[in-house]
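Let's take a walk through this model together, chain by chain. Have the viewer open and follow along.

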Amino acid sequence: MNSNVWVLTFADGISIATTLILASLGAILTERSGVINLGIEGMLLMGAVTAFLVGDGTHNIWLALFLAVLVGMAMATVHAVLTITLRSNQIVSGLALVIFGTGLSQFIGKSVEGKPRPVRIEPIDFGALSDIPIIGPVVFNHDPITYLTWFGALIASWYLFRTRPGLVLRATGDAPATVDAQGVSVAAVRYAHTIAGGALVGLAGGWFMLARGTAWSQAATTNGIGWIALALVVFAAWRPLRAIAGAVLFGFLLQVPYTLQGQQIRIFPPEILQMLPYLATLAVLVVLSTPRARRLLGAPTMLGQPFVRDER
Amino acid sequence: MIIGRTRIELEPRLNSPKWLVVAVPLASVFLALSVGGIFLILNGHSPLHTYSKLLSSGYTTFYGITDTLGLATPLICTGLAAAFAFRMNLFNIGEEGQMYLGMIGGAWAGIALADHLPKLVAVPVVLAIGALTGGLWVLVPAVLRAKLGTSEIVSTLLLNYVALNLVNYFIFGSRGFFRDPSTSFPQGRAVSANARLGNFGTTNTYPTLIIAALLAILLWWFIRNSNYGYETSVYADSPNTARYAGMNATRLTISVLLVSGALAGLGGAMYVVGPAGKVDPGILQIGLGYAGIVVASLARYNFVAVVITAILFAGLRVGGAALQISSNPVPIAIAVVLQGSVLLFALGGEIFRRNRIRIRRIQPVVFSTGADA
Amino acid sequence: MSNASPEAVKGSHRVSGATLFALSARRVTKRFPGVLANDQVDFDLAVGEVHTLLGENGAGKSTLASVLCGLYKPDEGAVLRNGTQVRLTSPRHGLLNGIAMVHQHFRLVDRFTVAENVVLGHRRLPFLLRASALESQVSDVAERFGLPIDPRATVGELSAGQRQRVEIVKALYQGAEILLLDEPTALLAPPEVEKLFETVRAMTAAGKSVVFVSHKLGEVVDISDRITVMRDGRVTGSVKRGEADTRRLAELMVGRDINLVRRLSRTAKGEPLLSLDNVTWHRHGSDVVKNISFNVSAGEIVGVAGVSGNGQRELAELVTGLQVPSSGSIAIGGVSINGIGARRVRANGLAYVPEDRLGTGLAPSLTIVDNLVLTRTRGFFVNRRAAQAEAEVFITKLEIKTPSALTQTRKLSGGNAQKVLLAREIFSTGDQSRIIVVCSPTRGLDVGAVETVHKLLDEARSAGKAVLLISEDLDEVLTLADRILVLYRGEVVHEVNGTSVDVEAVGHAMAGLS
């Protein structure tokens, strides 16, 4: 077996991981504030189709990505209004966004279905560096957004654990009443981070389309990556740096089946391999449910609960 | 929420007026049609023309109605599954996976057992085993939730993808029991003819529709009249009261999730008994599990309303499909857009049904600072 | 530590003439639906003093503290800070004026470190948080006031006493000059209480002022410079250090008119139905209920008096089978019920009216009929027809004001909801209950409803039932009970038999002055 193939698999895995990191960072920001948004899959699709259509019309990559971000924010805003202001069920609202996003992306993408990708985000040319064995393809063969994403995860971790707004954000997900008593608006914190999360998810969809997609086809575009991103948030215990590690692992696992198929190797059925990220996440979920872990590491305590001030 | 000097507050209503119960869904549908209309116009279609065609093909023609009823059949089951769990505040969003497992279990019974059984017994056995496997698929999340408090939302969601890959493995990834051995084309092995119910005439409607509808009425009646239904109602309203009355929360939680999974599994088994007759990965693309949650939510977890909502919902998809047969085809996805937006507006509207909106002027706040004043 | 007290109001250190108080209440009145919580209350806190607000539960002391810290707005009257009127709109606004309250229920983020909890909500916190710098700032504040605490510890892992220290350090870090401590010793073990008192002394030595809200007379005498006693929303007296005589304080606190009309049993009492023998229950290593033994016989009401939090709720849960005693035994009609579960205890003829009526005793969104079904034995199907007929009878007989028997109980007033609950527990024909355990049955009810509830309990006794009345309302216990037990720190410290009651002795026992 060609060892180079595995290097390429890993490099490809990193590229899948980038989408996963972007989307799960968005979900981490949202969930840390106490809002669970299951609508990520729909938002990714809308980001992807927006980037495709804008890229098709203008051939401007950055405008395409920018509008994908805006669309992600708009959808997150709908979720925020429904769940934060109107206190609707967060689960149902998220699923409604998935359905809406799936339908709308398919509808507005119908005219370009099957059309090849209009523009592509090119990898940065590192010259000779990309020719270094193993390190070259894995590290020096990506586009700017990939590097920004990895850097972004570091920033997100820094923001969450080293800044004042990060401190307030974490407190909002765990103990909104405490934050409220300090005179900080719980709703404002939740709106801000739900919408910021939407921006990242929109970018994830747009980037996925323009960097990895070949042609627009709704069914094949995201292929459930939005749901994997949600699983990854749990796997990473709501921590950006662990999300990087998890994303690389998941990305690799998702890519291996294709490599094995390409190599005509059938030691392990690809479908079974593809279950692994979900089963691993389930195992992590169980570990996080033990009393001590739940107290210190688990989901934000008030995740999914609307905040109502307790007044006498 | 505060805008300028005005404060907008939600104040719970003790009694919601009757007219709102009608007005909110109607307004949701109207607003959703308007949103869809905007996208139709942007895409160069006439909303009025599109909608009239959508409605007439989904709900008025004979084959339209029968197609709608056929599609609605498994959707009723997943809708009942979601309603059964959600009304207890148990958010099982794994109906999708539980339905696939019901299909697998039903197909296993249809292949392995049905040949040895008379038809009258074979069909119920297939349905029962499908329900059983669907229920078992939610066993782990149910026990985790009841014993450790693990979020059933995430665990049931994760298992959807395990189930999806399992179906793909049986049909595409292996040449095992469930795969048709007679052809290299990847498709499911057909179940015994004993395990199938014929369709009504030349339509796509199967007798399983009647089973699903009767089941909804039975559930409605059972929850209203049985002790089990009573206990779930108490627990859903006030877990403290349930504890006070000596009810067993662990048993209630586990059993409700298992029944929910079984109902979704039944939907999958009905697919085997009815149109598919085998493990069919085609069902994976329709998303009937997630749609079931939407249906249940629109029906406000009322079992009988689930049947009606599921039929209306299915009609949209059937009508959507008909739109494509035209010189200027409208993408079928418009139906999905409408479904999503109806739900979003209904969710928002629910708040207006439950609460009164108060708009108040805020008194200017004087910050006096003691000795400085 | 320049930013420890940036929001302290200028001038608050200006200790001038004796007339200038750090914080005062002038004729403060605060009403809640059906309750006059504060009635024209005056209160003064001098700089550097510990001023205790003493009173039973429901005396209005926590309400006054909440008005003083900005949580509640007074309906009438004024709050003065350094002699100038302030209109506090929120606790945040109170803090801007240097006033902070430490609540009985801590408002901390369990997953945060001590330092993170302390600095959260500080308005001048820098954007970038350097953990080491914040931790040393927090340590500085903590050490200055004798509050040893590890700033890196996770709050979720701390004991109640340590968490309280975190709350106090948080208030001090945010620049509080005045601390209101609401029942600060409620959750503390005795050594922790001593530690708290040291902290309070360190704070007053540094010029801070402390309001100590408590119902534990025995504890507060040593620490207080002044004690103001409240009862029924009014100030009944105020004494300075040195003048504090515990007997006098106890009278001010629980003393009352003796001309209550006592309703005692008119029939001879029968066989003992409920008996407790040396019942003890531990939680987290301490005895919440300790060596309790008593009987309740047919045809009598046994009252359990005591200030809340002395084991009443736990006693009720033990007797009703919701908890299993750590040692000792509970028997109904001579047969042990240890560990058989609430449902079977009920089947043995024990009915239970919990303190929390809407949310424990009744399911709020279910109808009256469905709530009557709750404690009946039910078969596979629920017989609502019988319950409906029963509901109609109760509605007429007890004058329950409701549109119909199919109205949700949350739509009923407190008194009517309580009537539904009592009707079910006392009269429901489904189970013939012989023993009735009732907890604070009239809390929050208006006078008319109180009368009805008392009448119902009296009737139950006359019908030969054994009634255990656990109530924080001493008047209620005095009115109804044939025998009175006083619970203090989980133990029965005083017992009154017979018709003559020394109310003063009961009051002292409730305050822990045996």
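**Chain A and its helices**

Read along the sequence, chain A goes α-α-α-α-α-α-α-α-α-α-α-α-α-α. In numbers, chain A has 14 helices and zero strands, where helices (H or I, at least four residues) and strands (E, at least two) are DSSP runs numbered from the N terminus. The radius of gyration of chain A is 20 Å, close to the 20 Å that the globule rule gives for 312 residues, so chain A is as compact as a globular protein of that length. For the record, that radius is taken over C-alpha atoms, and the globule rule is 2.2 Å times the number of residues to the power 0.38.

A bit of bookkeeping before going on. This is a predicted model, in which local features need pLDDT of at least 70 and side-chain atom pairs count only at pLDDT 80 or more, while totals for chains, interfaces and linings use all residues. Residues are numbered from 1 along each chain as its sequence is written, and chains are lettered from A and ligands numbered from 1 in the order in which they are written.

Back to chain A: along its principal axes, the C-alpha trace spans about 70 × 45 × 35 Å. Buried residues make up 54% of its 312 residues; a residue is buried if 20 or more other C-beta atoms lie within 10 Å of its own, exposed if 12 or fewer, and partly exposed in between, with C-beta atoms placed from the backbone. Among contacts in chain A between residues at least 6 apart in sequence, 80% join residues at least 24 apart. Two residues are in contact if their C-beta atoms, placed from the backbone, lie within 7 Å.

Is A:V71 buried or exposed? A:V71 is buried, because there are 27 other C-beta atoms within 10 Å. Leaving aside neighbours within four places in sequence, A:V71 is in contact with A:M46, A:G47, A:T50 and A:G202. As for A:L104, 33 residues away along the chain, its C-alpha atom and that of A:V71 are separated by 12 Å.

**Where A meets B**

Now turn to the side of chain A that touches chain B. Here 40 residues of chain A are in contact with 40 residues of chain B. Helix 3 (61–85), helix 4 (90–109), helix 11 (225–235) and helix 13 (270–289) of chain A each supply at least two residues of that side. Which helix of chain A gives the most? That would be helix 4 of chain A, with 14 residues. By class, the residues on this side of chain A divide into 27 nonpolar, ten polar and three charged. The sorting goes like this: Ala, Val, Leu, Ile, Met, Phe, Trp, Tyr, Cys and Pro count as nonpolar, Asp, Glu, Lys and Arg as charged, and the others, Gly among them, as polar.

**Inside chain B**

Chain B holds 14 helices and three strands. Its C-alpha trace spans about 95 × 65 × 40 Å along the principal axes, and of its 373 residues, 53% count as buried. Among contacts in chain B between residues at least 6 apart in sequence, 78% join residues at least 24 apart.

Where pLDDT is low, the predicted coordinates should not be read in detail.

Helix 2 (residues 47–59) and helix 13 (residues 303–322) of chain B pack at an angle of about 115°, with their axes 7 Å apart. Axes are lines fitted to C-alpha atoms, for helices over the stretch in contact, and angles run from 0 to 180 degrees between N-to-C directions. Residues of helix 2 of chain B in this contact include B:K53 and B:L54, and those of helix 13 of chain B include B:G315 and B:L316. By class, the contact has six nonpolar, five polar and one charged residues.

For contrast with a strand, B:I359 is found in strand 3 (residues 355–361) of chain B. B:I359 is exposed, because there are 9 other C-beta atoms within 10 Å. The C-alpha atoms of B:I359 and B:E9, 350 residues apart along the chain, are separated by 6.4 Å.

**On to chain C**

Chain C has 16 helices and 20 strands. The radius of gyration of chain C is 25 Å, close to the 24 Å that the globule rule gives for 514 residues, so chain C is as compact as a globular protein of that length. Buried residues make up 50% of those 514.
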